[in-house]
Amino acid sequence: MAMLQRLAQLSRRSASLASSPFAASYAARSMSTKMTPAAAIKAMEGLQSKLDDAMQKMMQEKGDAFSKNEFYKMVDETPELKEALSKYRELDMDVEWSWARIRSMKAGPLTAPPVTVTVTGAAGAIGYALLFRIASGEMFGPSQPVNLKLLDLPAAQPALKGVMMELNDCAFPLLKSMTAADDPMKGFAGCDYAVLVGAKPRSKGMERADLMKANAEIFSVQGKALNAVAPKAKVTVVGNPANTNALIASANAPDMNPDQFTAMTRLDQTRAEHQIAEKAGVTVEEVDRVVIWGNHSASQYPDISHATIQGKWAKEVVTDEAWLKNEFIPTVAKRGAEIIGARGASSAASAANAAVAHVRDWFLGSDGRWVSMAVPAVGDFGMGTGIFYSVPVVCYPGGVYKRVGGVSIDPASAEMMEKSRLELVEERNAVAHLLPK
Ligand code: NAX
């Protein structure tokens with residue numbers, strides 16, 4: 001399992017390798033070498049095996065201590081491997097993609113029983129960025145077959161059909177079956193994991209309260225359906241307002257443990273990690289233990305009080321308090337709006353990436369790393385109960401997460417955390433009619 005975990009972790013850096021946009025750019029790159037794509041692939045194969053063997057060997061030797069940077073360092077110091085890598089570059093190939101290809105094709109026999117995952121809102125923007133990555137093995141690991149169940153509204157079925165045609169056209173070895181549904185009872189039937197992306201967007205002139213109400217109804221129906229047809233499922237809510245939607249779905253699933261429901265704040269975490277890494281002039285991999293507290297909304301609190309940068313306390317590296325307060329926190333909290341402003345569309349690819357990371361860690365474990373998830377509040381950190389509140393957790397292989405305990409909270413953090421808690425209580429009160437007693 002350790003090796004698979006490590007592969008899955010490494011693959012978070014790999015591109016959406018087999019998505020159709022990739023296929024197009026791959027063809028374009030191959031053209032630039034004046035080789036046909038087939039000839040380029042053929043030319044790569046021997047080099048891939050050589051590098052793959054070296055990687056496997058290093059993984060066996062180092063186990064969990066294996067890191068990709070170390071691997072590249074070793075390649076750099078081994079003339080034969082260095083030459084193999086440089087030949088890749090001559091082929092004008094994206095090395096990250098090459099590694100993904102090795103992993104997706106050579107990770108071992110696909111003997112594990114498939115994991116069944118339902119994605120709602122599958123025909124939407126996040127769905128389009130997410131499904132290809134699930135089917136390629138990035139969510140559940142490179143040798144874990146998957147069944148995809150795609151749920152969307154009746155009106156979205158024609159578009160969904162097109163997405164399924166593209167998924168089929170990718171011929172993903174891991175994709176064992178795929179079905180579409182517009183009825184939650186069919187869409188969730190027997191799923192092991194459910195990623196609830198589909199939600200009603202805020203239309204022009206719509207009040208927040210109306211948006212909350214419309215989404216609350218969707219998630220109460222879906223909670224009931226999950227309870228009836230997939231009571232063992234592990235559920236990740238992405239659709240907004242994510243925390244309160246998770247609360248509603250969970251409250252409507254009386255036979256399921258509330259801990260089976262989570263809401264995604266991973267995108268906020270990765271946004272925060274990037275901001276801190278950039279400010280400190282380090283890579284994101286050198287930043288650890290950034291925490292997102294509270295609601296996936298502008299009231300969230302991205303907290304670096306417990307974070308480390310290259311093993312040192314982040315607060316001792318980033319000492320610019322004014323930047324932390326006036327730039328870092330607002331930038332992370334309002335990043336979604338900034339992206340809509342810049343690209344005229346919402347952040348679909350990074351949201352899909354966060355969903356891949358959230359579920360992957362839940363399924364394969366986070367290897368001791370803290371990751372933020374909105375989970376049922378259990379009274380710690382003074383947050384009471386009856387809301388879904390984002391906290392740091394550590395995940396263990398097989399779908400287990402544990403809240404990180406004993407985290408000290410300074411007064412300034414407590415104030416920020418309380419603001420987000422109050423907002424969540426307000427959201428809960430607005431949908432109280434959909435929360436069975
Ligand atoms: P899109 O509008 O592109 O897609 C939404 C899809 O959901 C559509 O295909 C729609 O037909 C479907 N849908 C609507 N109601 C449904 C229902 N009852 N059952 C099944 N499907 C249904 O939105 P997209 O950009 O994909 O965003 C989806 C949701 O993610 C939104 O609520 C958005 O606010 C939320 N986000 C959450 C993030 C997070 O970090 N938690 C970040 C990104 C994103 O903003």
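## Close-up views

**View A. Asp268, Arg271, Ala272, Gln275 and Lys279 of helix H12 meet Trp323, Phe328, Thr331 and Val332 of helix H14.** By class, this contact of H12 with H14 holds four nonpolar, two polar and three charged residues. The model is a predicted one, in which local features need pLDDT of at least 70 and side-chain atom pairs count only at pLDDT 80 or more, while totals for chains, interfaces and linings use all residues. Residue numbers start from 1 along each chain, as its sequence is written. Residues are in contact here if their C-beta atoms, placed from the backbone, lie within 7 Å. Ala, Val, Leu, Ile, Met, Phe, Trp, Tyr, Cys and Pro count as nonpolar, Asp, Glu, Lys and Arg as charged, and the others, Gly among them, as polar. Helices (H or I, at least four residues) and strands (E, at least two) are DSSP runs, numbered from the N terminus.

**View B. The axes of H12 (residues 266-280) and H14 (residues 321-333) are 9 Å apart, and the two helices pack at an angle of about 140 degrees.** H12 is therefore oblique to H14. The crossing in which H12 passes H14 is right-handed. Axes are lines fitted to C-alpha atoms, for helices over the stretch in contact, and angles run from 0 to 180 degrees between N-to-C directions. Angles under 35 degrees count as roughly parallel, over 145 as roughly antiparallel, 65 to 115 as roughly perpendicular and the rest as oblique. A crossing is right-handed if the near helix is turned clockwise from the far one by less than a right angle, and left-handed if anticlockwise.

**View C. Helix H10 (residues 208-229) and helix H11 cross at roughly 40 degrees, and their axes come within 7 Å.** This makes H10 oblique to H11. H10 passes H11 in a right-handed crossing. On the H10 side the contact is made by Met212, Asn215, Ala216, Phe219, Ser220, Gln222, Gly223 and Leu226, and on the H11 side by Thr244, Asn245, Ile248, Ala249, Ser250 and Ala251. Seven of the residues in the contact of H10 with H11 are nonpolar and seven polar, with no charged residues.

**View D. H11 (residues 242-251) also crosses helix H17 (residues 411-430), at roughly 50 degrees and with axes that come within 10 Å.** H11 and H17 are therefore oblique to each other. The crossing of H11 past H17 is right-handed. Asn243, Thr244 and Leu247 of H11 make the contact with Leu424, Glu427 and Arg428 of H17. Two residues of the contact of H11 with H17 are nonpolar, two polar and two charged. Pro241 lies in the loop between S5 and H11. Asn240 and Pro241 are joined by a cis peptide bond, with omega about -5 degrees.

**View E. An open sheet of nine strands has the order S3-S2-S1-S4-S5-S6-S12-S13-S14, with mixed pairing.** S3 and strand S14 (400-403) are at the edges with a single partner strand each, so one side of each is left without a neighbour in the sheet. On average, neighbouring strands of this sheet are turned by 30 degrees against each other, direction ignored. Helix H16 (residues 348-364) packs on the sheet and touches strand S4 (193-196), strand S5 (234-237), strand S6 (261-264), strand S12 (371-378), strand S13 (385-396) and S14. The direction of H16 makes about 155 degrees with that of S5. Two strands pair if DSSP finds at least two bridges between them.

**View F. Strands S2 (residues 146-151) and S3 (residues 175-181) run parallel and are joined by six bridges.** From S2 the chain crosses through helix H8 (residues 157-169) to S3, in a right-handed β-α-β crossover. A crossover is right-handed if, with the strands pointing away from the viewer, the path from the first strand over the helix to the second runs clockwise. Lys149 stands opposite Thr179 in S3. Leu151 stands opposite Ala181, also in S3. H8 lies across S2 and S3 and runs at about 170 degrees to S3.

**View G. Three strands form an open sheet in the order S7-S10-S11, with antiparallel pairing.** Strand S7 (287-288) and strand S11 (312-313) stand at the edges, each with a single partner strand, so one side of each has no neighbour in the sheet. Strand S10 (residues 308-309) is joined to S11 by two bridges, and the two run antiparallel. Ile309 has Lys312 as its bridge partner in S11. The loop between S10 and S11 contains Gln310. Phi of Gln310 is near 50 degrees, a positive value in a residue other than glycine.

Conventions:
Two residues are in contact if their C-beta atoms, placed from the backbone, lie within 7 Å.
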